[in-house]
Amino acid sequence: MPSAQPATPPATPPGLEPSLPLPSPCLSYWHKTTRGFLQLNANKDALPPETVDYTIVGSGISGALTAFSLIDSGIPGNRILILEAREAVSGASGRNAGHVRPDAFRGYAAYAAVHGPEQAKKIIIEERKVLDAVDEFVRRHDVPCDFDLTTTFDVCLTPEFAAYEAQSYEAYKAAGGDVSHVQFYEGEEAKERTRVPEAVAAYEWPAGSSHPAKLAQWLLNSVIEKGAQLWTHCPAVAVTKSERSGYRWDVRTPRGTIATNMVVHSTNAYAAALLPHLNGYITPNRAQAHSLVPPSAFSAENAFTSTMSLRYSLHHFYSVIQRKGDGTIVLGVSRSNPELSAETLAVRESFDDGAFNQEIVDDALKRFVIMFPEYRAETERHGEGLDHAWTGIIAMTPDSVPYVGAIEELPGQYICAGFNGHGMARIFTCAPGLAKLMLGGSWEDTGLPECFQYGKERLIKAARKGQKGSVW
């Protein structure tokens, strides 16, 4: 059987060995609070269909929204199959920190260095569009995902990072970027507005938060009601050229092979397992988040009303949201932290989402108390404080933006993956854009930045320039 791998993949140093999702992941806060989802283990033991027109690999927001967009464009739901290696929404969509947080200017210089100033500006403009798209979608469909349209603070905790932010702001503004929606505070005003005594400066702009698993589950319910099929605990283990008449590809699973015409890779960090030529171009990075039950100093009228990114440097930061309904605080941590041990830092590139790291828990809680001294751990009542910790696997690309579009060397295969830990600020235009491409539209029809488009030349450029890492 011929392999799906292109004959001449671009040369790149090998990354971590590609992997399918590991079988026993930990549960996130979002998973713990949605165990009643009826499609959680849909078709767990059933044989998959022998043929289907569209096969989407991955049941997170990217895959589910692609299916929704195809159906919304007129494709009958019964022509679509979604495969999931574990239970529904078990990957990054169910493990993030709950933000729907566009970049307002900070990433401009880093994007410009890789993609040029015009593309950098488009990237940031696109993220603002995504916030509007999520807000409009949730309101139009009355999606019960606890979406909260609010504002966010970028809190600068050192003079050095305040200077970096100021330079980024001015560079984006000088390039014609719109910053009319951004408010700036410094000194005592920054401290007062953010409640962070360490704050040197702060920027505020529109953003949101949500229950991401509820959002993904609503999308899955919606497409299933329209005839789409969901098979959980049924990983796609290989995609090969089909010998069945009228079909392009065979998607092999442990429970049978599915002949199909179109394959969508919505597997984020796991994409190289089925697309081995992406090994080294899409890599996993393990992140960690924590849910806290707030004490009275952060409850009721004292709760946070804005989300936050609290930054000591570009890559050393903490994120905070507080849910309106139950008041839970979700505390995320950056993937780089100079205070962590070499042993902890050494395993950041990993597919293992089975357990949390205690050193990261200890650092996050210590740092939270420093940033918000109103939080007094010694006066916590039983039930307050740390409730849960979990890990998730982020997908990194060398040029910090996702891969979206047709895989030209594999006609009939498409990709929407590689979100660099920033999927909720990108997926809600990337997935509908991919659906337009699948239905014969042009890249211009998607409205996406050109640098998001998948292509062999993009991979070759990344290898040639030795690009690595992410602005996130």
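Thr150 is buried, with a relative accessible area of 16%. The cut-off for that word is under 20%. Keep in mind throughout that this is a predicted model.

Let me stay with Thr150 for a moment. The residue sits in strand 4, which runs over residues 148-156. Its side chain reaches the backbone oxygen of Thr305, at 2.5 Å. What else does Thr150 contact, once neighbours within four places in sequence are set aside? Pro206, Ala207 and Gly208 form one run of partners, and Thr305, Ser306 and Thr307 form another.

Now the whole chain. There are 12 helices and 17 strands. Along the principal axes, the C-alpha atoms fill a box of roughly 70 × 50 × 45 Å. Of the 472 residues, 59% are buried.

Contacts next. Take those in the chain with a separation of 6 or more: 77% of them join residues 24 or more positions apart.

Surface and charge, quickly. The accessible surface is about 18,300 Å², and carbon and sulfur atoms hold 52% of that. The chain carries 43 positive and 53 negative charges.

On to Phe298. This residue is in the loop between strand 11, residues 283-293, and strand 12, residues 307-311. Is Phe298 buried or exposed? It is buried, at a relative accessible area of 0%. Setting aside neighbours within four places, Phe298 is in contact with Arg195, Ala303, Phe304, Gln322, Ile329, Phe372, Glu374 and Tyr375. For a sense of distance, take Glu186. Phe298 and Glu186 are 112 residues apart in sequence, and their C-alpha atoms are 23 Å apart in space.

Ala300 is in the loop between strand 11 and strand 12 too. At 65% relative accessibility, Ala300 counts as exposed, whereas Phe298 is buried. The cut-off for exposed is over 50%.

Ala300 also brings us to backbone angles. Most residues other than glycine have a negative phi. Phi of Ala300 is near 50°, a positive value. Arg195 has a positive phi as well, about 65°, and Arg195 is not a glycine either.

Where is Arg195? It lies in the loop between helix 6, residues 187-194, and strand 6, residues 201-209. Its relative accessibility is 22%, so Arg195 counts as partly exposed. And Arg195 is one of the contacts of Phe298.

Last stop, Ser291. Its place is in strand 11. Ser291 is buried, at 0% relative accessibility. Not counting residues up to four places away, Ser291 touches Tyr29, Thr328, Ile329, Gly385, Leu386, Asp387, His388 and Trp390. Ile329 is on that list, and Ile329 is among the partners of Phe298 too.

To recap the burial calls. Thr150 is buried at 16%. Phe298 is buried at 0%, and Ser291 is buried at 0%. Arg195 is partly exposed at 22%. Ala300 is exposed at 65%.

Note on methods. Residues are numbered from 1 along each chain as its sequence is written. This is a predicted model: local features need pLDDT of at least 70, side-chain atom pairs count only at pLDDT 80 or more; totals for chains, interfaces and linings use all residues. Side-chain values use heavy atoms; hydrogens and water are left out. Helices (H or I, at least four residues) and strands (E, at least two) are DSSP runs, numbered from the N terminus. Buried means under 20% relative accessible area, exposed over 50%, partly exposed in between (1.4 Å probe, protein chains only). A polar contact is a pair of N or O atoms within 3.5 Å; within protein, one must be able to donate a hydrogen and the other to accept it, and residues adjacent in sequence count only if both atoms are side-chain atoms. Contact means heavy atoms within 4.5 Å. Accessible areas come from the Shrake-Rupley method with a 1.4 Å probe; for residues, only the protein chains shown count as cover. Lys and Arg count as positive and Asp and Glu as negative; His and the chain ends are not counted. The place of a charge is taken as NZ of Lys, CZ of Arg, CG of Asp or CD of Glu.
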